[in-house]
Amino acid sequence: MYCNKCEVTVKGAKSCCPLCRGELSGEPDINEEAFPRIKDKVYDKNRFLKIVTFAAIVTIVCSVAVNMIIPMKNHVWWSLFVSAGVVCAWISIVTAIMKRRNILKNINWQLFLITFFAIMWDEYTGWRGWSLDYVFPFACIASMVCMYILSKILKIPPRGFALYMMFDIFFGIIPGILMFAGLINVRYPTICCVACSIISISAILIFEGKGIMEDIRRKLHM
């Protein structure tokens, strides 16, 4: 189609010239689009997972090879610790990729994984209690702070992150239970963690309690 006044060619099926609103001559082409089709950028998570997995395998193989080539005194297999650390990091990264669409849920998953891995490392390296004394409470505090900051940056309404925050808060009360059970040697991190949990749950229930209950009823079809 062609506009004699503007002297331009018009693609697609237009009833008039988009510039002067005048009549067009020629036959419309319904198969020709007026604007180019732009392909949406697709995040190739499979490729990234392959890269992370390959990097983890290379790191493990190289560490074992170096450990065998350069033997240490008393035949210390330090490469096993490196391999275990790489596997833990790989699991954490893969979880972050799989849960990337919901960043708040991702924080809860990372909190659970970090705590679990810390306890396992503490157990298999000769139990000293550092996982429960420091890692567990500080991880809970960090996750609560990160969740609150991200909710403000992403402008997530309180109802949108309250349930994830409550899971984090209840998880943060567990160190207090362990402290009264006599499993905590250093009390200060645990006391700070429990205090933050109580303050956070109080704020959520006081200011957003009604909205949270409505969301729970709606999700549970009550």
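Trainee: About how much space lies in the second largest pocket?

Mentor: Keep in mind that this is a predicted model. Rolling a probe the size of a water molecule over the atoms shows where empty space is left. For the second largest pocket, that space is about 160 Å³.

Trainee: Which elements give two or more residues to the lining of that second largest pocket?

Mentor: Have a look at the residues that line this pocket, among them L80, F81, F117 and W121. By class, the lining has 8 nonpolar, 1 polar and no charged residues. The elements that supply two or more of the lining residues are α2 (78-98) and α3 (103-124).

Trainee: And which element gives the largest share of the lining of the largest pocket?

Mentor: The largest pocket has a volume of about 340 Å³. Of its 15 lining residues, the closest to the centre are Y148, F161, M165, A203 and I204. Two or more lining residues come from each of α4 (130-153), α5 (158-180) and α6 (187-219). The largest share, 6 residues, belongs to α6.

Trainee: Are α3 and α5 roughly parallel or roughly antiparallel?

Mentor: Two packed helices are described by the angle between their axes and the distance between the axes. Here the axes of α3 and α5 come within 9 Å and cross at roughly 15 degrees. Angles under 35 degrees count as roughly parallel, so α3 and α5 are roughly parallel.

How values were computed
Residues are numbered from 1 along each chain as its sequence is written. This is a predicted model: local features need pLDDT of at least 70, side-chain atom pairs count only at pLDDT 80 or more; totals for chains, interfaces and linings use all residues. Side-chain values use heavy atoms; hydrogens and water are left out. On a 1 Å grid over the protein atoms alone, a cavity is a set of points where a 1.4 Å probe fits but cannot get out, and a pocket is an open set with protein on both sides within 12 Å along at least five of seven lines; lining residues have an atom within 4 Å of a point. Grid points are joined across faces, edges and corners, and a volume is the space filled by probe spheres set on the points. Helices (H or I, at least four residues) and strands (E, at least two) are DSSP runs, numbered from the N terminus. Ala, Val, Leu, Ile, Met, Phe, Trp, Tyr, Cys and Pro count as nonpolar, Asp, Glu, Lys and Arg as charged, and the others, Gly among them, as polar. Axes are lines fitted to C-alpha atoms, for helices over the stretch in contact, and angles run from 0 to 180 degrees between N-to-C directions. Angles under 35 degrees count as roughly parallel, over 145 as roughly antiparallel, 65 to 115 as roughly perpendicular and the rest as oblique.
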